[in-house]
Protein chains: 2
Amino acid sequence: MKDVASLANVSIATVSRYLNGELNRMSTQTAATIKEAITKLNYVPNSAARQMVTHSSKIVAVAVANIDDYFSTELFKGANSILESHHYTGVLFDSDSDNQRENELLNSINQNNFDGLILQPLTDTADTIRQQVKRDIPIVVADRELEKSSWPEVITDNYASAQRAATYFYRAGFTRVIVLSSDVSAASTRRERFRGIQDVFEKIDVINIPEESYQRQQVKAELMQLISKTNEKTLLFALKERWLLEFIAPLFVSKVIDPQQFQVTAFADTRLAHALTPEIKLIHQNPFLIGASCAEILIEILNGNGTQVRGKNIVPAEFDWRD
Amino acid sequence: MKDVASLANVSIATVSRYLNGELNRMSTQTAATIKEAITKLNYVPNSAARQMVTHSSKIVAVAVANIDDYFSTELFKGANSILESHHYTGVLFDSDSDNQRENELLNSINQNNFDGLILQPLTDTADTIRQQVKRDIPIVVADRELEKSSWPEVITDNYASAQRAATYFYRAGFTRVIVLSSDVSAASTRRERFRGIQDVFEKIDVINIPEESYQRQQVKAELMQLISKTNEKTLLFALKERWLLEFIAPLFVSKVIDPQQFQVTAFADTRLAHALTPEIKLIHQNPFLIGASCAEILIEILNGNGTQVRGKNIVPAEFDWRD
């Protein structure tokens, strides 16, 4: 870096600014001279040395619950779309629906030099996160609410949108509901959605699909048993898109069940569910927008405007959304 | 770190080894004493300082072509499953099917302190990658072959498996094929698959779906037009799962086309396509295993055994695979 500064006839601080992309703080001529010197000397900035000086890697960690779900990948895409335009790079960490793994990832993020963290948490409480992330880096929480958190959150209106959908089917004469979900009590998203359904329906059966690993045949059998034992008009309500695609869509495609007696709704994130089952009225979340909103807030904090963006930010879901 | 060493009554080098997880190089008692000292002093290892000493972040970059595709997310899951067990963390970079973006990601990986790189490249030549990644970090290439590359590669047997599937349908009396693919010439995977089909079929139509953004209605219309103008027994061949799910599966589900005249095959990566369309004979790749194999090779190189694992490694695809 000294050699580059010397050859370009500028200060080391100016080379450092150049390397951090702060080009607005120098003339075009100066930037061009530094670039030339770098090329001439074939200089590769040593990341660790650079980080010691600047405390910035220009990389933001995006830790998601499970990239098996479109929600998580879309969230990452949305965050990246904003980060990119501010010359940050987003990298994805996958907690893989495993709390122990989430702890390890957060620890790794703490140990390394990321500029910020967008987190779709598995854990329910902010304390668990603070135990791992001891450094004072900006954090924005996505999708799931945390207890005792002072970080900004960007979430879907889970309760209201579930209630809206349930009400629609109740008014259409449906008196029972079968809910497909992982452990309802384990995540704020599921609790809120379930509460919205409970507000409308009295007769509720729940098929509990373990998040980490599940026996497909067993889930199928359980669902078929509940379906076969009722004559009432019954709503099948998947609390996430994967359960709709894996367990419910095949029943309709293969005409196993009567579409007069059974109808379906689900929280869905992509165009895929809609393309496959255009007749189903879905609750469409917008994970891309949630990710983008998280990144916008994080950028504000990184730019020193954090105090204006604290608190809870709602990205509404749409019922019966059309492509 | 000096304070920790002093309190634990060990050398700074021993603390450094402890922080890098090299616990086999000290007694359990020593490790416990250091841990106690760290807790007492509430010491957070400064990542940049630590990296200056150890040159290791224990993080491996996994740069994939596009996480819209299951292939990429499964590849990442597979890599992580191996990396984890060797105490590395994998982070995902998404090139988003954009060559310019891939360049920027590689540059960011070069500038920061990752221990290795598993790359599903968009570019065709190793030179493009070398222009960005100037540091001498271990690289393993996944899924797509590179020209002029000396890095180990882990790929599917694209040509042979496409030819195997095409032969099956040709023998069953199918005389035409409609191929759904992004630009066939742009990726080695697609070129190889197409070559396998060309070896069997003479009458081939190609629907070219632009990778970065496509008009769904337009693709649908183009497909319907090709379907309606033929009376021959025709195979619909999707070179990736997404095109099967988005464009072909809905036609069968809604019974728009005659299953006697038209049959389908596709390169598919997940159980989803199979769950939705159990009657379709798919070519099942194993991206999880490809990712895991890449990570195994990378770990070998990181452990200094790189010379034994150079060259091309094939993970075969299975035709008519059953869950």
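**Entry 1**

I started with strand β8 (residues 234-238) of chain A, which runs parallel to β9(A) and is joined to it by 5 bridges. A reminder to myself: this is a predicted model. Looking for a residue pair across these strands, I found F237(A) opposite T265(A) in β9(A). I then followed the chain from β8(A) to β9(A): the path goes through helix α11 (residues 241-253) of chain A, and this β-α-β crossover is right-handed.

Next I looked at the other pairing of β9(A). Strand β10 (residues 283-284) of chain A pairs with β9(A) in the parallel sense, over 2 bridges. Here I noted A268(A), whose bridge partner in β10(A) is H284(A).

Is β9(A) mostly covered or mostly open? I checked residues 262-268, the span of this strand, and 6 of its 7 residues are buried, so I wrote down "mostly covered" with the under 20% relative accessible area cut-off in mind.

**Entry 2: rings around Y214(A)**

I turned to the aromatic residues and got 21 aromatic pairs over all chains. I picked out Y214(A) with W243(A): the pair is edge-to-face, with 5.1 Å centre to centre and 90° between the planes. Where do the two partners sit in the chain? Y214(A) is in the loop between β7 (203-208) and α10 (216-228) of chain A, while W243(A) is in helix α11 of chain A, 29 residues apart.

F247(A) is buried, as is Y214(A).

Elsewhere in chain A I found a cluster linked by ring pairs, made up of Y168(A), F169(A), F174(A) and F319(A).

**Entry 3: charges over rings in chain B**

I moved to chain B for charges over ring faces. K58(B) lies over the face of Y88(B), 4.1 Å from the ring centre. I also noted R130(B) over the face of W151(B), at 5.0 Å from the ring centre.

**Entry 4: cysteines**

How many disulfides does the structure hold over all chains? I found 0. I looked up C294(A) as well, and it is buried, at a relative accessible area of 0%. C294(B) is likewise buried, at 0% relative accessibility.

Technical notes: Residues numbered from 1 in each chain as written. Chains lettered and ligands numbered in written order. Predicted model: local features only at pLDDT ≥ 70, side-chain atom pairs only at ≥ 80, totals over all residues. Heavy atoms only, no water. Buried < 20%, exposed > 50% of the residue type's maximum accessible area, 1.4 Å probe, protein only. Helix = DSSP H or I, 4+ residues; strand = E, 2+ residues; numbered from the N terminus. Pairing = 2+ DSSP bridges. Right-handed = clockwise from strand over helix to strand, strands pointing away. Disulfide = S-S within 2.5 Å. Phe/Tyr/Trp six-rings, centres within 6.5 Å; stacked < 30°, edge-to-face > 60°. Lys NZ or Arg CZ within 6 Å of the ring centre and 35° of its normal.
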